[in-house]
Amino acid sequence: MIYYYNGDILIRTVQESDARAITDAEIAQGWDAEVEKYEMRFRDHEAGTAIALVAEYRGCIAGYINVYPNARGGAFGGQGYPEIVDFGVLEKYRRNGIGTKLMETAEKIAAKHGDMVYLGVGLHSGYGSAQRMYVKRGYIPDGSGVWYQDRVCEPYGDCRNDDDLVLYLSKKLKQ
């Protein structure tokens with residue numbers, strides 16, 4: 001299914017072959033990527049538990065985003081709110097509006113399933129541009145504090161500044 005197309009940017013549902021293409025592109029730019037994560041997103045999409053989207057820029061895979069309409073994990077897990085998971089734009093395609101179109105599309109999908117959407121954002125510097133983007137889009141911290149490995153990190157608890165250290169943000173959606 002095609003969600004958006006303007007001649008340069010195409011937002012569409014994921015295909016099985018996208019898992020390898022995304023993984024290879026991320027590895028080529030120096031990111032730690034494993035194909036199993038993207039294969040899982042495809043399986044979740046096929047099972048109907050997620051809406052997995054891919055962005056193409058002039059015919060090349062450029063980014064991805066996933067919406068879980070009834071998310072089970074994170075700060076609002078199990079409460080009937082949609083969660084945005086695994087949002088990324090390959091570095092060579094940034095600053096072309098791809099991230100904005102992916103987020104707009106994901107939020108429109110989320111609005112069909114609830115009046116609020118949430119996401120977790122990493123806290124290390126590699127997530128700096130995402131952190132700024134979410135604030136500009138109206139996301140605010142949920143108030144539960146920092147999470148580590150899918151659990152609230154207790155005050156003064158041990159954690160590591162890796163991809164598992166996140167802050168959950170939420171945004172009210174118009175219905």
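Which helices and strands each supply at least two residues of the lining of the largest pocket? The views below, drawn from a predicted model, start there.

**View 1. Lining of the largest pocket by helix and strand.** Three helices each supply at least two residues: helix 2 (35–47), helix 3 (98–111) and helix 4. Strand 5 gives the largest share, seven residues. The volume of this pocket is about 1800 Å³. Among its 49 lining residues, Asp86, Phe87, Gly88, Tyr127 and Tyr134 are the closest to the centre. Sorted by class, the lining holds 20 nonpolar, 16 charged and 13 polar residues.

**View 2. The ring pair Phe87 and Tyr134.** The model has eight aromatic pairs. In the pair of Phe87 and Tyr134, the ring centres are 6.3 Å apart. Their planes meet at 45 degrees, so the pair counts as tilted; edge-to-face would need over 60 degrees, and stacked under 30. Phe87 belongs to strand 5 (residues 83–89) and Tyr134 to helix 4 (residues 128–136). Is Tyr134 buried or exposed? Tyr134 is buried, because its relative accessibility is 6% and the cut-off is under 20%.

**View 3. A cluster of aromatic rings.** Five residues are joined here through ring pairs: Phe76, Tyr81, Tyr118, Trp147 and Tyr168.

**View 4. Strand 9 and its two antiparallel partners, strand 6 and strand 7.** Seven bridges pair strand 9 with strand 6. One partner in strand 9 is Val166, bridged to Gly122. Strand 7 (residues 140–148) is joined to strand 9 by five bridges. Here Ile140 has Ser170 of strand 9 as its bridge partner. How many of the eight residues of strand 9 are buried? Six are, and the strand is mostly covered.

**View 5. The largest cavity.** The model has one cavity of 30 Å³ or more. The volume of the largest cavity is about 70 Å³. Which residues line the largest cavity? They are Val14, Asp18, Ala19, Ile22, Tyr38, Arg41, Ala52, Leu53, Val54, Tyr64 and Asn66. Helix 1 (18–28), helix 2, strand 3 (51–57) and strand 4 each give at least two of the lining residues. By class, eight are nonpolar, two are charged and one is polar.

Notes
Residues are numbered from 1 along each chain as its sequence is written. This is a predicted model: local features need pLDDT of at least 70, side-chain atom pairs count only at pLDDT 80 or more; totals for chains, interfaces and linings use all residues. Side-chain values use heavy atoms; hydrogens and water are left out. Rings of Phe, Tyr and Trp (its six-membered ring) pair if their centres lie within 6.5 Å; planes under 30 degrees apart count as stacked, over 60 as edge-to-face and the rest as tilted. Helices (H or I, at least four residues) and strands (E, at least two) are DSSP runs, numbered from the N terminus. Buried means under 20% relative accessible area, exposed over 50%, partly exposed in between (1.4 Å probe, protein chains only). On a 1 Å grid over the protein atoms alone, a cavity is a set of points where a 1.4 Å probe fits but cannot get out, and a pocket is an open set with protein on both sides within 12 Å along at least five of seven lines; lining residues have an atom within 4 Å of a point. Grid points are joined across faces, edges and corners, and a volume is the space filled by probe spheres set on the points. Ala, Val, Leu, Ile, Met, Phe, Trp, Tyr, Cys and Pro count as nonpolar, Asp, Glu, Lys and Arg as charged, and the others, Gly among them, as polar. Two strands pair if DSSP finds at least two bridges between them.
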